Amino acid sequence: MRNSEIQDAVVHAVVAAPLLARLRTLDLSLGVLTDDGAAALLASRRFAHLDSLDLHHHFLSDAVVADLTQHCAELTVHVDLSEQMSPDACDGEVWRCVAVTE
C-alpha cells in the first residue's frame, strides 16, 4: 500500500481495518503522506504489535516526524521516516508527488 497520491486516506482506512491485527510489517512509503495521515497513526495504538512501519518518502513536518519517532519507540515498532520531502509550490498551489510516476 505504497506510492499513493491518496496516502492519507489509505492510512485512515488501514488503522481501522481488521487486517491490521494480522500484519507484522506495514509499508506505507513512497506516497503523499502528510501530517493528516500521520495524525491517524499517532491516535491509534492498533499498530503497536508491528515489527516495522515503513513511511519513507513522506511530506511530514519536523514536529510530526519527532512525534512519530517517539511514539514508535514507546511501542517498540521500528519506523523508517527517511526521505522527508518538501512540497513544491507554483502559482500559490502546493504540489506533492509520489516517488514513482510515469
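Student: Is Arg 2 buried, partly exposed or exposed?

Tutor: This is a predicted model, in which local features need pLDDT of at least 70 and side-chain atom pairs count only at pLDDT 80 or more, while totals for chains, interfaces and linings use all residues. Residues are numbered from 1 along each chain as its sequence is written, and side-chain values use heavy atoms, with hydrogens and water left out. Buried means under 20% relative accessible area, exposed over 50%, and partly exposed in between, with a 1.4 Å probe and protein chains only. Arg 2 has a relative accessible area of 42%, so the class of Arg 2 is partly exposed.

Student: Which residue meets the side chain of Arg 2 in a salt bridge?

Tutor: A salt bridge is a side-chain nitrogen of Lys or Arg within 4 Å of a carboxyl oxygen of Asp or Glu. Arg 2 is in the segment before helix H1 (7–16), and its partner is in strand E1, 25 residues apart. Helices (H or I, at least four residues) and strands (E, at least two) are DSSP runs, numbered from the N terminus. The distance from N to O is 3.5 Å, and the partner is Asp 27.

Student: How many salt bridges does a search of the whole structure find?

Tutor: Side chains of opposite charge can pair when their charged atoms come close. One of the pairs is Arg 2 with Asp 27. Arg 24 also forms a salt bridge with Asp 51, with the closest N and O atoms 3.0 Å apart. For the whole structure, the search finds two.

Student: How many residues apart in sequence are the parts that Arg 24 and Asp 51 tie together?

Tutor: Arg 24 counts as partly exposed at 45% relative accessibility, and Asp 51 is partly exposed at 44%. Arg 24 lies in the loop between H1 and E1 and Asp 51 in the loop between H2 and E2, so the separation in sequence of the parts they tie together is 27 residues.

Student: In what order do the strands of the open sheet lie?

Tutor: Two strands pair if DSSP finds at least two bridges between them. Three bridges join E1 to E2, which run parallel, and Leu 26 has Leu 53 in E2 as its bridge partner. The open sheet has three strands with parallel pairing, in the order E1-E2-E3.

Student: Which strands are the edge strands of this sheet?

Tutor: An edge strand here pairs on one side only. The two that do so are strand E1 (25–27) and strand E3 (78–80).

Student: Which residues does Ser 44 contact, leaving aside its neighbours within four places in sequence?

Tutor: Ser 44 is found in the loop between helix H2 (35–43) and strand E2 (52–54), and counts as buried at 8% relative accessibility. The side chain of Ser 44 reaches the backbone nitrogen of Arg 46 at 2.9 Å. Contact means heavy atoms within 4.5 Å. Beyond the neighbours within four places, the residues in contact with Ser 44 are Val 15 and His 71.

Student: Near what value is phi of Leu 30?

Tutor: Leu 30 is placed in the loop between E1 and H2, and is buried, with a relative accessible area of 14%. Phi of Leu 30 is positive, in a residue other than glycine, and is near 70°.

Note on methods. Polar contact = N/O pair within 3.5 Å; in protein donor to acceptor, adjacent residues only side chain to side chain.
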